[in-house]
Amino acid sequence: MDIRSLRYFVETARLSSFTQAAELLHVTQSTISKMVHQLEEELGTPLFVRDGRRLGLTDTGRVVYGRGQEMLATMRTLAAEVRDVQAVRRGTLTVGIPPMINLLFTAVLKAFRERHPDIALVLREETGQGVERLVAAGELEIGMTVLPVAPGLPVETLPVASYPIWALAAEGTFQRQRRTLKLAALKDLPLVMLTDDFALTRALRRAFAQAGFEPLVAAQSGQWDWLVEMASAGIGVALLPEPFIDRLADEALQAVRIVEPGLPWEVAHVWNGRYLSHAARAWLDVCAEVLG
């Protein structure tokens, strides 16, 4: 059923006049008559009772008029909601964020909520590799990960920020006043690392392999703060991005930046490359503004 024909019929029935309906809709009376006639042919029954200059509704016409008003109201609501979504005034956005990354986005969340209060924002915590898989499968529209992404996944990436990796250990592990440490120096040191589900561990293992050695892993955990505790206890050297080192105030810990080669912790957005909603684009805009 053509929506335009339905609208012409509803206005004609409401005004009980082809002439007044034509004036209201800014079309000719013959256009109104033609569209209503087409609707009657499609339904296989008259909708109007024409008695001279008087225009009334048949039984079917009354049903079509009532339901037609509901359908046209629904279409108006749909159009208004689409305009709101396009203007980023409403909508829902689910963002996948790994636990290691979420601390960086508090300011982004605050700015997004202030700017787009009517967009329902849902945060789904997964490991970086988990976020990548969910985005590739279409279960998440957009998420965060640490580069590089797992090979072979049909996803697009947009770098957000890059931070150096630091080695964190108990006081006395490194020479006093040392500020940097070559990657090769980690070869004979016990390490405490995040579990293999984390993109950071994936990047570290790749770097170790390129440097030609297998790391001596003393322990692994999914909690970065526990790694700090283990490093403080002398169990091993923790390898963490700079933002986490900046949060520490333990004078019994030593922190040195990994160099030769430097190990960047590269945070990036990841999406399927096919479509980004208006809400997702708004999220990217806020991230770019807040994180620079």
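Helix 1 and helix 2 cross in a right-handed sense; a crossing is right-handed if the near helix is turned clockwise from the far one by less than a right angle, and left-handed if anticlockwise. This is a predicted model, in which local features need pLDDT of at least 70, side-chain atom pairs count only at pLDDT 80 or more, and totals for chains, interfaces and linings use all residues. Residues are numbered from 1 along each chain as its sequence is written, and side-chain values use heavy atoms, with hydrogens and water left out.

Helices (H or I, at least four residues) and strands (E, at least two) are DSSP runs, numbered from the N terminus. Two packed helices are described by the angle between their axes and the distance between the axes. Axes are lines fitted to C-alpha atoms, for helices over the stretch in contact, and angles run from 0 to 180 degrees between N-to-C directions.

| Helix pair | Axes come within | Crossing angle |
|---|---|---|
| Helix 1 (residues 3–15) and helix 2 (residues 18–25) | 8 Å | roughly 125 degrees |
| Helix 1 and helix 3 (residues 29–43) | 9 Å | roughly 110 degrees |

Helix 1 is therefore roughly perpendicular to helix 3, and oblique to helix 2. Angles under 35 degrees count as roughly parallel, over 145 as roughly antiparallel, 65 to 115 as roughly perpendicular and the rest as oblique. The crossing with helix 3 is left-handed.

Contact means heavy atoms within 4.5 Å. From helix 1, R7, Y8, E11, T12, R14 and L15 meet F18, Q20, A21, L24 and L25 of helix 2. That contact has six nonpolar, two polar and three charged residues. Ala, Val, Leu, Ile, Met, Phe, Trp, Tyr, Cys and Pro count as nonpolar, Asp, Glu, Lys and Arg as charged, and the others, Gly among them, as polar. Toward helix 3, helix 1 uses R4, S5, L6, Y8, F9 and T12, which meet T31, I32, M35, V36 and L39. Here the classes are seven nonpolar, three polar and one charged.

On a 1 Å grid over the protein atoms alone, a cavity is a set of points where a 1.4 Å probe fits but cannot get out; a pocket is an open set with protein on both sides within 12 Å along at least five of seven lines; lining residues have an atom within 4 Å of a point. The largest pocket holds about 250 Å³. It has 16 lining residues, with A203, A207, G262, L263 and P264 closest to its centre. Helix 8 gives the largest share, seven residues.

The largest cavity holds about 50 Å³. Its lining has eight nonpolar, one polar and no charged residues.

Definitions and conventions:
Grid points are joined across faces, edges and corners, and a volume is the space filled by probe spheres set on the points.
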